[in-house]
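I opened the notebook for this chain. My entries follow in the order I looked things up.

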Amino acid sequence: MKASKVAYKPVGLALGAGAGLLAGALFKEVWKLAGHEQDAPKATDEERNWREVLIAAAIQGAIFALVKAAVERSGAVAVRRVSGTWPA
């Protein structure tokens, strides 16, 4: 295993955790703007309809995937700048 890959593991884990927190906060703000409500519906919320629950899940998934990809890519680029090799 390449040294840069081993060195990137803890960095990648930390970046992943940070990305999850960032994505969660971003989703809350987007939902407030889009849904005009404080909290997104939970799948088990009896008061919410299927459409509302599925739209919230799709938006949350898209935001999470976008933030995760951007953070992971930025981390890999930073590792390459420091070590000279791509970590993956």
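This is a predicted model: local features need pLDDT of at least 70, side-chain atom pairs count only at pLDDT 80 or more; totals for chains, interfaces and linings use all residues.

I started with the contacts of F27, taking contact as heavy atoms within 4.5 Å. Leaving out residues up to four places away in sequence, F27 touches A40, A56, I59, Q60 and I63. Residues are numbered from 1 along each chain as its sequence is written, and side-chain values use heavy atoms, with hydrogens and water left out.

Entry: I checked F27 for burial. F27 is buried, because its relative accessible area is 6%; buried means under 20%, exposed over 50%, and partly exposed in between, with a 1.4 Å probe and protein chains only. W31 is buried too, with a relative accessible area of 6%. Both F27 and W31 lie in helix α1, four residues apart, about one turn of the helix. I took helices (H or I, at least four residues) and strands (E, at least two) as DSSP runs, numbered from the N terminus.

I then looked for aromatic pairs. Rings of Phe, Tyr and Trp (its six-membered ring) pair if their centres lie within 6.5 Å; planes under 30 degrees apart are stacked, over 60 edge-to-face, and the rest tilted. The count is one aromatic pair. Why is the pair of F27 and W31 tilted? The ring centres of F27 and W31 are 6.2 Å apart and the planes stand at 35 degrees, so the pair is tilted.

**Entry: the core.** I asked which residues make up the largest nonpolar core. There are eight: A19, A23, F27, W31, A56, I63, V67 and V71. Helices α1 (3-35) and α2 (50-83) each supply at least two residues of this core. My rule for a nonpolar core was a set of buried Ala, Val, Leu, Ile, Met, Phe, Trp, Tyr and Cys residues joined through side-chain atoms within 4.5 Å.

Entry: I looked up the largest pocket next. It holds about 210 Å³ of space. Of its 13 lining residues, F27, D39, A40, P41 and K42 are the closest to its centre. On a 1 Å grid over the protein atoms alone, a pocket is an open set of points where a 1.4 Å probe fits, with protein on both sides within 12 Å along at least five of seven lines; lining residues have an atom within 4 Å of a point. Grid points join across faces, edges and corners, and the volume is the space filled by probe spheres set on the points.

Which helix gives the largest share of the lining? Helix α2 does, with four residues. The lining divides into eight nonpolar, two polar and three charged residues. Here Ala, Val, Leu, Ile, Met, Phe, Trp, Tyr, Cys and Pro count as nonpolar, Asp, Glu, Lys and Arg as charged, and the others, Gly among them, as polar.

**Entry: spot checks.** G35 is in helix α1. G35 is partly exposed, because its relative accessible area is 22%. From G35 to Y8, 27 residues apart along the chain, the C-alpha atoms are separated by 38 Å. E72 lies in helix α2 and is partly exposed at 35% relative accessibility. I found D45 in the loop between α1 and α2. D45 counts as partly exposed at 28% relative accessibility. D45 and W86 are 41 residues apart in sequence and 45 Å apart in space, C-alpha to C-alpha.
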